[in-house]
Amino acid sequence: MRVLMLGWEYPPHIAGGLGTACLALTRALAAQGEDVLFVVPHRHGDEPAEHLELVGGNDVGGGLPAPRPGRLARQRVASVLSPYARPAGGLARPTSGPRPYGPDLFAQIASYEAAVRQVAREASFDVVHAHDWMSFGAGAQAAAEAGVPLIVHVHSLEQDRCPRGMDPRILAAEGAGLRAADLVLCVSALTARRAQAAHDLDPSRLRVVHNALPDLPRRLPRRARRLRAGPVVLFLGRVTAQKGPEILLEAARRVVAVDPRVTFVIAGDGDLLASMIERTAAVGLARHVAFTGFLKGRAVDRAYAEADVFVLPSVSEPFGLTALEAAARGVPVILSRACGVAEVLTSALRVDAWDVEALADRILAVLHRPALAALLAREGAREARALSWASAAERVRAAYVEVCA
Amino acid sequence: MSGVVLYFQVHQPWRLKRYTWFDIGREADYFDDALNGRILRKVAQRCYLPTTALLTRLVEESEGRFRCAFSISGTALDQMQRYAPEALEGFRRLAATGAVEILAETSHHALAFLTDEAEFRAQIEVQAARVLREFGRRPTTFRNTELVIARDVARVAEAAGFTALLGEGADHLLGFRDSTRIYRPEGTERLRLLLRCYRLSDDIAFRFADRGWKEWPLTPAKFAGWLEDVAVRRGADDSVVGLFMDYETAGEHQDAATGILTFLEGLPEAVARHSRFRFRTPAEVVALKGSALPLALPRPVSWADAERDLTAWLGNDMQRAAHEALYALLPRVKAHGDPGRLESWRRLSTSDHVYYMSTKFFSDGDVHRYFSPYGSPHDAFVAFMNVLDDLALRVGAPRVAVPAALA
């Protein structure tokens, strides 16, 4: 089957988990014989794309088509996300290379839609598969013009990213895409329930496709080299309200009061990073909390190898792939109950998202109860490694077959 | 004489309250009174009160031909006393008919036999005295927590003066042998072992309400026919069929709408009419002089799960760590001398606490989950260990928690 797949990012040029998931999913689809034409806003040329045909907006028509005047008003988006939150000013650390587009997200989306339109006119395909709201409009247009079915894939919802300030235009784009789709794939049952409730969708059109880990080496070295003397609690993700770093900081105060040897490592960039650093100093935790900034590649592996417990305290987390990465490496995991990954990782501790005391209690339990830590490490690794993109791809292909029937 | 022994287990644990690391040293009250009261009153309403009244009526109407046995854990007796005294009164009335034998067990439904024989004997004695006090007769039959039998259990039971022991008629215990015979556990002389016929017991306790079961709906007459089949197959007239089950099966786990109470109501007459079996209590069965076959108990056998072993309680590292830490603390608790602390420890020795930590079927979510007040087995372990640390502090023992390993 020929699939026109639309996504906003593609490794190595990524801001969140979306690009990683797209790469792993397309590889598994290709291995199962699917033929994928993937359109990103900008192709850099260094992407791993041997398994598919990757087209960037910059490949189309000798440059970026400007948005048609009057079709969309140019407005700055106050949302913390663009489409995923970018690091705050002084601590900015671009993930890679120059950003190809201007700061106006909706203008970028209009450009992307124009590029996709052009690709869609020239290419032939049996189904359109669009990832997250930024590509929903382009997907709906392409599917309608070509007369083929549309599948949209929800990796996160606007309510996940900005629970306290949803952008009405993003919400509208998201809802339009979800309603236009023949089938909606969601990364967790939690996300499916939320999408259904937010946009009044027909539950029979929802399917759950849990993420998995890209291929891991059979064994990863644990505890190769420890930089810190005491136990390490790791947070790895965007430092933004959605991920709950402030909750972790409050828990850190309670944990350190009991056990001053504990270090909290906050690995990631985000709009809350500066205020988190200031707050850490203000509450006297500076010696106990280390901010590493954005990590990638081997630095991520090192962070996991040093961790005694991994914490994902998200207020809202459609999936939470980092929890699987930690678990697969034998790091005990603590999740908030607002994490979709909890559906596939039962050997993790779970706390309510805002329950600081419970979070501190569970951190201390993992650090001081070896039987618990050992069980979570062993069983978590088994569960995380049992999940595969191959089976995720099989569910995606079943959706293709269903809509094309 | 073919006998059918109907025995019901009554038990409620003292469930813990939400207890975090930060409560250690601050909160000496470990148990969730509101939750325990709510559950006890609900179970009393659905099972203890109506079912006990029904059984009392059956005994009276049959003029004692219907007979059965109960074991009521000390923790359940305490909770009834506190939250639903009328339920305890109902059991007293039933026992007063003389047709009901009250068995002995450990006072706190503990797994003490595994680790601490002195505590095992102490809890048995506490319970035996309690049964005498509450029901007017000292028990002569012993059933261990979760029906666990083992060589040491049999030895201690005999030494404590019991003449009958109840156990699970597990296939891996019996091999080719028959669960309807009377056995003498190896290492004992006078003790007699009565076994649970798990197929017929589970027909009532688990399959009765299952509409997908090919025998559904199960009628008393059909069940009495199955009993008669047992005797016919044996070709002898001395079968003893043990129907052992949780009492809560009758009205709580399977509610009245399933027809379970109507089934029990019709059972005495159907058994009398369609089979050669007569209802007997365990003490009556062993009082009949007869041969007992020797039986080896090479490893502990319980009535839980398909494995019929101890893995529901001690199957993973958390459960073993919790069990070990609990019993390691006991000498300090006893030396401390405060009866309140000892009672707290004993409530923690109730096997339900480690059962909640079982990861055996957690992901499938089934019977283990049905009974657990926790969101996960890990949460059960965390709360239990925090409580244990508090108790350790209060009796002047070192905390259980170990510092995380330094690199």
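I counted salt bridges over all chains and got 63. The rule I used: a side-chain nitrogen of Lys or Arg lies within 4 Å of a carboxyl oxygen of Asp or Glu. The model is predicted, so local features need pLDDT of at least 70, side-chain atom pairs count only at pLDDT 80 or more, and totals for chains, interfaces and linings use all residues. Side-chain values use heavy atoms, without hydrogens and water.

**Entry: Glu317(A) and Lys243(A)**
I looked up this salt bridge; the closest N and O atoms are 3.0 Å apart. Glu317(A) sits in the loop between strand E11 and helix H10 of chain A, and Lys243(A) in the loop between strand E8 and helix H7, so the pair ties together parts 74 residues apart in sequence. (Helices, H or I, have at least four residues and strands, E, at least two; both are DSSP runs, numbered from the N terminus.) Glu317(A) is buried at 5% relative accessible area. Lys243(A) is buried too, at 12%. (Buried means under 20% relative accessible area, exposed over 50%, partly exposed in between, with a 1.4 Å probe and protein chains only.)

**Entry: Lys17(B) and Asp29(B)**
I found a salt bridge here, 4.0 Å from N to O. Both residues lie in the loop between E1 and H1 of chain B, twelve residues apart. Lys17(B) is partly exposed at 22%. Asp29(B) is partly exposed at 35%.

**Entry: Arg143(B) and Glu105(B)**
I read 3.1 Å between the closest N and O atoms of this salt bridge. Arg143(B) is in strand E4 of chain B, and Glu105(B) is in the loop between strand E3 and helix H4, 38 residues apart. Arg143(B) is buried at 0%. Glu105(B) is buried at 0%.

Methods
Residues are numbered from 1 along each chain as its sequence is written. Chains are lettered from A and ligands numbered from 1 in the order in which they are written.
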